[in-house]
Amino acid sequence: MSFPFFTESGSTELSGLFVEKPPQSLVAVTGMDLIIIAKVDSTTLTRKPTMKWLKGKWLDLGSKAGKHMQFKETYDRNTKIYTYEMKIIKAVAGDSGGYRCEVTAKDKCDSCTFEIEIQAAQQEAQADIFSAFKRVKEEPPIDVWELLKSAHPSEYEKIAFDHGITDLRGMLKRLKKMKVVEPKHSEAFLKRLESCYSVEKGKKIVLRCEVMDPDVQVKWLKNGQEIKPSAKYVMEAVGNVRTLTLNRTTLADDAAYECVVGEDKCFTEVFVKEPPVTITKLMDDYHVVVGERVEFEIEVSEEGAHVMWSVLVVTAVDDSTNHRIKKDGKKHTLIIQEATLADIGMYHAWTNGGHTKGELEVEEKQLEVLQDIADLTVKATDQALFKCEVSDDKVTGKWFKDGVEVLPSERIKMTHIGRFHRLLIEDVKPEDAGDYTFVPDGYALSISAKLNFLDPPKIHLDTTGNMVSQNTIIVVAGNKLRLDVEITGEPAPTVVWSKGDKVISETEGRVRVEARKDLSCFVIEGAEREDEGNYTICVTNPAGEDKAMLFVKIVDVPDPPENVRCLSVGEDCATMMWDPPVFDGGAPLKGYLMERKKKGSSRWTKLNFDVYESNSYEAKRMIEGVMYEMRVFAINSIGMSQPSLTSKPFMPIAPTSEPIRLTVHDVTDSTCTLKWLAPEKIGAGGMDGYVIEYCKEGDTEWVVANQELCERQGYVVRGLPVGEKINFRVKAVNIAGQSPPAVLSQPVTIQYPKIRLPRELRTKYIRRVGEKINLTIPFQGKPRPVAIWYKDGEPIDPKMVNVRNSNVDSILFIREAERAHSGTYELVLQIENMEDRASIVLRIVDKPGPPMKLRVTDVWGFNAALEWAPPKDDGNCDITGYTIQKADMKTKEWFTVYDHNRRTNCTASDLVMGNEYMFRAFSENLCGLSEEACLSKNTAVIAKTGHKRSPYKEKEITCVPKFTQPLVDRSVVAGYSTAISCAVKGFPKPKIVWMKNKMIIGEDPKYLMRNYQGVLTLNIRKPGTFDGGKYSCMAVNELGKDEVECKVDVRSKSRGEERDDGGGGAFVI
């Protein structure tokens, strides 16, 4: 007998995190199992929620989990709903009381409360068993708190036992707070809060206390959290009275409250009661037949009230969806869609203030079978159809197979059309055979039939035992094979064994077939290699046939290895090799065993005791010069083969040591001549010759230079690639093989002709007339290159220039330089069809000639203005300036007016009044002043002051900065210092600013800036590639500014511009 509870899903208001809350009130009898369910929606939560089940306000029931109280948690991934269950097994009176479930998830929280009342079961039989569920109201309830307050501590346990208190420890903690302790004199409160307050749900309650100071501020706390003023919580202060009003109380207001004044506090607790809900319309009894709809309807005193439904049934309750609860205002209805015999019983409705019940009686219908189900016999993959007809077209039912309900699937379909009920089974399988029964719903009636399956023949192979794979059997030669194959099929099938196309029908002999019940036995006595092959078993009966193929593999010891031979010998060792056996015995080879003996002896010596897997072996510890023979055994998992044929006799002989003193004798553009000495140790094997090999530096593949052994101790390697570094090695060869190689310590370079032009000759080479010139130009190349000199594209005149050539350089010598020696000299270096060129620009300079057309252009005051023209002969280099001198006509003594004057005009000042002056000018270049001077064509006469002179008009000499010589683009080699220069004029003297890429250079030590009489020079010390760019010079004075710029290109060193430092360690000839 069971007491299920039906709760209304809409009877509890859903708010916060809960989707479904437990009913607010549950009533049960002692010994019942109670299940309380709560559901939480996690769609808006970021983490899994945490559920706590509490009894009262503080007892965590999670610590009480065990046989009496169990907790369960499930999660639906589709709806994202957590379902929490609390199950009380065999409830006792102590389980009564108030409960609360709290769910928290990060910063979200929700809770709900409910009451459980456990009543004792009546001992004597009663007509109405549900009278045990009624509340006992005859006697006033006992207040346990009052008992505990007035009781002695020694009586606490007795009170807890008498009144079913399970959490005595928690109640005592709460009692300690509630006990009225004689308060110490408080400086904050005149009158404290009452120990507790009680209020009905929805009503208002006022918490009141009095303070000493009428102006003091107080704080109100709820469960330790400060309460903020709102429409729900109203705080008032009138004189010394402080009040907290709780409007429209709910179960959430059932908590502990505090009033705080400074460091002093007073406490109280508020208990919220729910008003009872009464039943205004009672439940009626129903008498129906199977299949009819039943509605138990009641009315309650309030809308939204919680109603609990329960039923006491005669038979077990069918936990299906046949029961449904409907709520419409004050009306509550329990609906049974189609009544069955299992629904017979007494139905109850409970509220916290009332109870009603109604009885349901269900009668069976009489049903007549018009067409019974017929037995069926079908084959595999056929269709089976069971059909029956009953008198009532509204009757439904279920199909069963061997007592188990048949469920519909893609292969099994059940239909109900009118009075006909059909069960269709597609693609019938052997497991479908059995007894099928149709049971109408609501009737004690069943219709049965049998499905017989026509079983085709089937071969059941046992894959254990000698089976190494699904259809392969291994048998050791000489052993017996017996294969028992299980055969099934209805009727009994016929069995035929065959090997290839030959049928095996013998029942006696070495190979035979034996027949037993449900078995077919195939036997081979003393298996031989000829028995290996594919065997077929075929079984047939009227339902079909089945075949299986077996491969019988005969394994034996392997054949002996073949072609045992000696590959190489050493001083006391020999390398042997052999071919695997032609037949491995049908099993993989595990390895080999080797034996040797001296020629002419009959005593064999084992070379290894463990199986050796490779087919080559190095035999050691032999005597040099003694003839040996060797044989080999093959081994597989079956055993060891017969020995192989004996190898040809061989003698251990060691190769020679490496040749010594390998050197390079000569190198040409495509050949290299090597020489060496014989090895120090030759041995008994003698010397057959030498092998010479070479490879490019960096490669690992060595190329043999001689196709036949070289018997001499020298060799010319031909056809070498030009310009590559080549490594060479030499090996000695005798009957025992090749010796270790003798290798050159450095690679040999096969070179193109290459001129190494010194750095000072890569720009203009300037010398003065009369100086001696001796230019040495080093070069490389093999064989000796041919050096030819050209001047301005023509062969040089040996009468003017002397040339001397050697193997490594060419010297150009001029005993006494003349202006005619200036020009471009080119050195051409040739080796056969290869050549290299280098050019040298030679300039021979001399003193310049005198300036021309010197004359006085103007005389004023004590000043005279002079002008002249540049000299016709500049000495084969630039004029760097002029020297101007003056002399009066009386003394004829010359005095210098200007040195290094770069202009072709000047002004002579501080002349003596009354004197007549003449002037002369010298040209100046790299070699110095000109030998002769140019005299002025006229003189300057300085008039005396006694004569009236015209007023002096001061000449305007101020001017805007102007560059008279611009900057010139330069291309320089990285690492070599360079300079750029320009000339500027302007008065007042302009300020000079140098810039690189429009950025002022400043005081960078890499740059040196000079200004000499208007000639501006910027020296760049050892420039790098990053020093290239646009350089500009700007001159600024108060009248204006001017700017010029140029591009400096810094290129990296080319191979022709690098010094020769020995070829990077290569051997260069």
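Which residues are linked in a network of salt bridges?

Analyst: This is a predicted model. The network of salt bridges links Lys-480, Arg-482, Asp-484, Arg-512, Glu-514 and Glu-525. Across the whole structure, a search finds 38 salt bridges.

Arg-411 and Asp-432 form a salt bridge through their side chains, with an N to O distance of 2.6 Å. This pair links distant parts of the chain, 21 residues apart. Arg-411 lies in the loop between strand E32 (404–405) and strand E33 (412–417). Asp-432 lies in the loop between strand E34 (420–425) and strand E35 (434–440). Asp-432 counts as buried because its relative accessible area is 5%, and buried means under 20%.

Lys-847 and Glu-931 form another salt bridge, with their closest N and O atoms 3.4 Å apart. Lys-847 is partly exposed, at 33% relative accessible area. Glu-931 is exposed, at 62% relative accessibility.

Glu-200 and Lys-203 also pair, at 3.8 Å from N to O. Glu-200 is partly exposed at 40%, and Lys-203 is partly exposed at 46%.

The C-alpha atoms of Glu-708 and Gly-689 are 8.8 Å apart, with the two residues 19 apart along the chain.

Now the cysteines. The structure holds 0 disulfides. Cys-196 is partly exposed, at 33% relative accessibility. Cys-934 is buried, at 12%.

Last, the nonpolar side. The largest nonpolar core has 31 residues. Those with the most contacts inside this core are Phe-18, Leu-34, Ile-36, Met-51, Trp-53, Met-86 and Ile-116. Elements giving two or more residues to the core include strand E3 (25–29), strand E4 (34–41) and strand E10 (108–119). Leaving out residues up to four places away in sequence, Ile-116 touches Leu-26, Leu-34, Ile-36, Ile-88, Asp-95, Ser-96, Gly-97 and Tyr-99. In soluble globular proteins, nonpolar side chains tend to be buried together.

Terms used
Residues are numbered from 1 along each chain as its sequence is written. This is a predicted model: local features need pLDDT of at least 70, side-chain atom pairs count only at pLDDT 80 or more; totals for chains, interfaces and linings use all residues. Side-chain values use heavy atoms; hydrogens and water are left out. A nonpolar core is a set of buried Ala, Val, Leu, Ile, Met, Phe, Trp, Tyr and Cys residues joined through side-chain atoms within 4.5 Å. Buried means under 20% relative accessible area, exposed over 50%, partly exposed in between (1.4 Å probe, protein chains only). Helices (H or I, at least four residues) and strands (E, at least two) are DSSP runs, numbered from the N terminus. Contact means heavy atoms within 4.5 Å. A disulfide is a pair of cysteine sulfur atoms within 2.5 Å. A salt bridge is a side-chain nitrogen of Lys or Arg within 4 Å of a carboxyl oxygen of Asp or Glu.
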